[in-house]
Amino acid sequence: MSTHVHVRVSDGLAVTEAGDLVENYRCGCGATWAKVHRADEGQPEL
Ligand SMILES: [Zn+2]
């Protein structure tokens, strides 16, 4: 058995209606991930 190690390649950013920032990642094998940065945590400087 070979072990596939996912390589997370950034696939863009999106912002939800709630203002959360979503980072999308994907691997060459087709797996995808979404990392959500909630707007009410770690407010960016204005
Ligand atoms: Zn993979």
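Strand 2 (residues 21-26) pairs with strand 3 in the antiparallel sense, over six bridges. Strands are DSSP runs of E with at least two residues, helices are DSSP runs of H or I with at least four, and both are numbered from the N terminus. Two strands pair if DSSP finds at least two bridges between them.

The model is predicted: local features need pLDDT of at least 70, side-chain atom pairs count only at pLDDT 80 or more, and totals for chains, interfaces and linings use all residues. Residues are numbered from 1 along each chain as its sequence is written.

**Exercise 1.** Describe the fold of the protein chain and the order of its strands.

Solution. Step one: the protein chain has three strands and zero helices. Step two: along the sequence this gives the pattern β-β-β. Step three: the three strands form an open sheet in the order 1-2-3, with antiparallel pairing. Step four: strand 1 (9-15) and strand 3 (32-37) each have a single partner strand and stand at the edges, so one side of each is left without a neighbour in the sheet. Step five: on average, neighbouring strands of this sheet are turned by 20° against each other, direction ignored. Such angles run from 0 to 180 degrees between N-to-C directions, with axes fitted as lines to C-alpha atoms.

**Exercise 2.** Find the residues of strand 3 that stand opposite Val22 and Glu23.

Solution. Step one: Val22 has Val36 as its bridge partner in strand 3. Step two: Glu23 stands opposite Lys35 of strand 3. Step three: the hairpin of strand 2 and strand 3 has five residues between the strands, and Gly30 takes a positive phi near 105° in this hairpin.

**Exercise 3.** Decide whether strand 3 and Gly19 are buried or exposed.

Solution. Step one: a residue is buried if 20 or more other C-beta atoms, placed from the backbone, lie within 10 Å of its own, exposed if 12 or fewer, and partly exposed in between. Step two: zero of the six residues of strand 3 are buried, so this strand lies largely in the open. Step three: Gly19 is in the loop between strand 1 and strand 2. Gly19 counts as exposed because it has 9 C-beta neighbours inside 10 Å. Step four: for the protein chain, 0% of the 46 residues count as buried.

**Exercise 4.** State the confidence of the protein chain.

Solution. Step one: pLDDT is the predictor's confidence in each residue, from 0 to 100. Step two: the protein chain averages 88, and 85% of the residues score at least 70.
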